[in-house]
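Morning, everyone. Please have the sequence and the model up on your screens while I talk.

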Amino acid sequence: MTEQMISSPLQGAADPGSALHTGVDPEPIRFLDDAGNYAPSATAAEFAAELEGVGVEDFKTWYRDMVATRAFDTECTHLQRQGQLALWVPSVGQEGCQVGLGRAAEPQDHIFPAYREHTVARIRGVNFVDVAAQFRGLTHGGWDVTDPANGNFHLYTLVLGAQTQHATGVALGQLLDAKRRAGDTALDAGEPGTATGEATMVFYGDGTTSQGDANESMIFAASYQTPEVFVVQNNRWAISVPVARQSRTPLYRRALGFGLRSVQIDGNDPLAAYAVGRRFLRLAREGHGPGYIEALTYRIGAHTTADDPTRYREEGELDYWQQRDPIARLETHLRSLGVDDDFFAETAAAADREAKTVRDAILHLPAPAADTMFAHVYAETHPRIDEQSAWFERYEASFEAEGTDG
Amino acid sequence: MADTGTGIREGSVETLSERTTLPLARAINEGLRAAMADNDRVLLMGEDIGPLGGVFRVTDRLQADFGSARVLDTPLAESGIVGSAIGLAMRGYRPVVEIQFDGFIFPAFNQIVSQLAKIRARHDGAVAMPVVIRVPYGGHISSIEHHEESPEAYFAHTPGLRVVAPSTPNDAYWMIQQAIASDDPVLFFEPKAKYWMKGDVDPSRPTTDLHRGRIARPGTDCTVVGFGSMVTTLLQAAEIAQSEGTSIEVVDLRSISPIDYEPLLASVRKTGRLVVAQEAPGNASVGSEIAATVAERAFYSLQAPVLRVSGYDVPFPAAAIEQLYLPDADRVLEAVDRTMHY
């Protein structure tokens, strides 16, 4: 599978024979094979300890997370087709790395998503209805990131790459806070990291690795040894452009050049994502600096509902990845642990119920009051905003008056 | 206060305590020192701001006073500086970013315009962005390309940002502290040509709020308005005009966004004439906005059209000819003559 994932022309990945590609890449870390049988790669051995104590009940929880997210995703795609959402960004096929990494984080950790991390949102406590609100055109955010109920899960960022720097800034803040607690006023070039007890994880995709911001954030993270984990979900496609257009080298290798510990995992194996995520987050919290995880996965759906993958993707490629669906793989693993049909039937039914509840709630979300556009532009009083909101109110009221008279 | 064990005693930093004559750059330095001593969440970030004290020495000795964990020399990447400052603000810090030169701000444009300016609104007010971006701006220093520009209009055009520019050492000292105290992002344009201009700094109390304009010189015949280093040029023009029998009132804008129109409109209602002066190219500029607003609000007081004196609509030229590009007292007076004889 590794050879196929990395080098098959079908996948559009870097050519290992290229003169630009030096050395041999280790096998991507995985615990489950393509079918979901427990068959750890040699590279997984050093991370196996992270799965100690993680048992069937945990895997069931992960499975529920994934199935619920896919049902929500499917529902939102339908809502967009019905004209109820302006746009939808499906995460279908990427639930595996998201569930592993989402479950690997501790409550005190901060998470910066791109805009396709619905599974992680759910794990951190964000309501799916709030996730959908911006795609219904009701807000540019959707949830209160300062509310502990939302698990330090930050807002989706649509200008890709920008969030990597915000994550690095928050991680730098975590570092500075720890230094202050220790009475350390120095942050010198080349100094080792500082134990913080908390970390920041940031998600983005293979396309975003080409953004300057994503590269600068790694430079800052390495320089200051921030407690941070970069997660690149390499889903092979940046809308219509294959990853080979972004990079001639496997993406995890770039991070090595920045001085980050970096590995490539099978992104459709939740166990691999959990084990490596857990290790890297702990190393970050303990003062060993930032890490980088390239999760090899696949965007089974379209980029967004405005996309048409049939114009640029081969049918066979989709088939290949559908046979390695992360949900199916975890199901196989659960069955090998003795979980029976009842659980899967119950999970599917619960996910459907949840998705329908969310659907109803989305359809009943209130439109924001018109004057809210003025409300939060500035923290402090601003004459131009005050004048314009007052004028707006008078102007809008003039129509009401006309209506009354008429 | 606590001895940190690293030779730096927090709370022991000496800040300006009595009225002193200081160059403008040093006044900003003292303002930064006072803000940092007052609030330990205030951090400085930028290129070469540590041991060197910045290319203009504005942050001189601040790293020695507060430590390298509060005065952060950064990698050479403006977007990364601003983007990281945003994250630090999310974490409750109050970062003050130095962009080395005006023309170097554009690599950070996305972080400033699409992120910093919008984050508060995106979060429905739940997340404040108390970030100050210090930008040495403007010409008159005979430097190379990208070192003498006036990019304020881009930021004044952007909702969510505040934009200010001091013209005197006392304003520089106070306005930097007021900008840092603001819970909104502030672009702080420093008139680099006036960094060495001396003036009285009174640390006992600020003269006014951050976003108030002021009358820099009273007059009766014609109003001229500008900000930052242009104010010096306007005062020179007023002096020359006085000797020729024309009384010019000089308004120092101080705040570019929002603009405090009250003193400006009051002045125009008195003089009936207005000339707006700026170093930036005039097309779609701050001066254009002022001209339009004054025309809207003081139409019946105007004896003549509002005139703009700007840089030409060309890239900032080579140093050898920059004095021909930059509006000087003569160019201002040429416009004053036109408005007086309209």
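Let me start with a question: among contacts in chain B between residues at least 6 apart in sequence, what percentage join residues at least 24 apart? It's 78%. Two residues are in contact if their C-beta atoms, placed from the backbone, lie within 7 Å.

Some ground rules. This is a predicted model, where local features need pLDDT of at least 70, side-chain atom pairs count only at pLDDT 80 or more, and totals for chains, interfaces and linings use all residues. Residues are numbered from 1 along each chain as its sequence is written, while chains are lettered from A and ligands numbered from 1 in the order in which they are written.

Now chain B as a whole. Chain B holds 12 helices and 14 strands. Those are DSSP runs numbered from the N terminus: helices are H or I with at least four residues, strands are E with at least two. The C-alpha trace of chain B spans about 70 × 45 × 40 Å along its principal axes. The radius of gyration of chain B is 20 Å, which agrees with a compact globule, because 342 residues would give a value near 20 Å. That radius is taken over C-alpha atoms, and the globule rule is 2.2 Å times the number of residues to the power 0.38. Of the 342 residues of chain B, 57% are buried. Buried means 20 or more other C-beta atoms within 10 Å of the residue's own, with C-beta atoms placed from the backbone.

Next, domains. Chain B splits into domain 1 (20–201) and domain 2 (214–340). The bounds come from an automatic or database domain assignment. The C-alpha centres of these two domains of chain B are 26 Å apart. Their contact uses 23 residues from domain 1 of chain B and 20 residues from domain 2 of chain B. On the domain 1 side, α6 (152–156), β6 (162–164) and β7 (186–191) of chain B each give at least two residues.

On to the sheet. Seven strands of chain B form an open, mixed sheet, in the order β3-β2-β4-β5-β7-β6-β12. Two strands pair if DSSP finds at least two bridges between them. In general, strands of a sheet pair through backbone hydrogen bonds, either parallel or antiparallel. β3 (71–73) and β12 (255–257) of chain B are the edge strands, each pairing on one side only.

Let's zoom in on β5 of chain B. Is β5(B) mostly covered or mostly open? Mostly covered: six of its six residues are buried. B:V132, B:R134 and B:P136 point one way, while B:I133, B:V135 and B:Y137 point the other.

What does β5(B) pair with? Three bridges join β5 (residues 132–137) to β4 (residues 94–98) of chain B, and these strands run parallel. Across that pairing, B:V96 stands opposite B:V132, and B:E98 has B:R134 as its bridge partner. β5(B) also pairs with β7(B), in the parallel sense, over six bridges. There, B:R134 is partnered with B:F188.

Last, the two chains together. In the contact between them, 40 residues of chain A meet 42 residues of chain B. On the chain A side, α6(A) gives the most, with 11 residues. That's my tour. Thanks!

Note on methods. A residue is buried if 20 or more other C-beta atoms lie within 10 Å of its own, exposed if 12 or fewer, and partly exposed in between; C-beta atoms are placed from the backbone.
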